[in-house]
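Hi,

Here is the structure I promised to send over. Have a look at it first, and then read my notes below.

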Amino acid sequence: IGGDEIHPWAKICSVADVFEALTSHRPYRKPMPNSSALAILERGIGNTFDGEIVSCWTSLIKKNLTLS
């Protein structure tokens with residue numbers, strides 16, 4: 001399935017899941033910086049990820065970084 005056939009919650013979960021996987025410590029690699037993970041998500045817009053969801057996610061992450 002693709003496009004509008006994918007539930008919006010599934011689109012949100014895919015962006016959050018990839019971001020978490022990239023920025024978390026793994027036994028086989030160190031966490032990636034948030035900026036690098038966001039760049040990967042942005043490169044996937046239109047092909048792998050929904051642009052509106054990536055844009056919202058990026059905004060939330062950047063806002064959270066300025067608050068902490």
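Helices (H or I, at least four residues) and strands (E, at least two) are taken here as DSSP runs, numbered from the N terminus. On that basis the protein chain has three helices and zero strands, in the order α-α-α along the sequence. Before the details, some housekeeping: this is a predicted model, where local features need pLDDT of at least 70 and side-chain atom pairs count only at pLDDT 80 or more, while totals for chains, interfaces and linings use all residues. Residues are numbered from 1 along each chain as its sequence is written, and side-chain values use heavy atoms, with hydrogens and water left out.

As for overall dimensions, the C-alpha trace spans about 35 × 30 × 20 Å along its principal axes. Of the 68 residues in the protein chain, 22% are buried (buried means under 20% relative accessible area, exposed over 50%, partly exposed in between, with a 1.4 Å probe and protein chains only). Taking contacts (heavy atoms within 4.5 Å) with a separation of 6 or more, residues 24 or more positions apart account for 35% of them.

Now the inside. A nonpolar core here is a set of buried Ala, Val, Leu, Ile, Met, Phe, Trp, Tyr and Cys residues joined through side-chain atoms within 4.5 Å. The largest one has ten residues: V15, F19, L22, A37, L38, L41, F49, I53, V54 and I61. Each of α1 (8-23), α2 (34-43) and α3 (51-67) supplies at least two residues of this core. In soluble globular proteins, nonpolar side chains tend to be buried together.

L41 is buried, at 0% relative accessible area. Not counting residues up to four places away in sequence, L41 touches V15, V18, F19, F49, V54 and W57. W57 sits in helix α3 and is partly exposed, with a relative accessible area of 22%. A37, leaving aside neighbours within four places in sequence, is in contact with F19, L22, T23 and M32.

With a disulfide defined as a pair of cysteine sulfur atoms within 2.5 Å, a search of the whole structure finds zero. The sulfur of C13 is 14 Å from the closest cysteine sulfur, in C56, so that is too far for a bond. C56 is partly exposed, with a relative accessible area of 44%.

Finally, the pockets. On a 1 Å grid over the protein atoms alone, a pocket is an open set of points where a 1.4 Å probe fits, with protein on both sides within 12 Å along at least five of seven lines; lining residues have an atom within 4 Å of a point. Grid points are joined across faces, edges and corners, and a volume is the space filled by probe spheres set on the points. The largest pocket has a volume of about 180 Å³. Its lining consists of G3, I6, A10, K11, S14, G46, N47, T48, F49 and D50.

Best wishes
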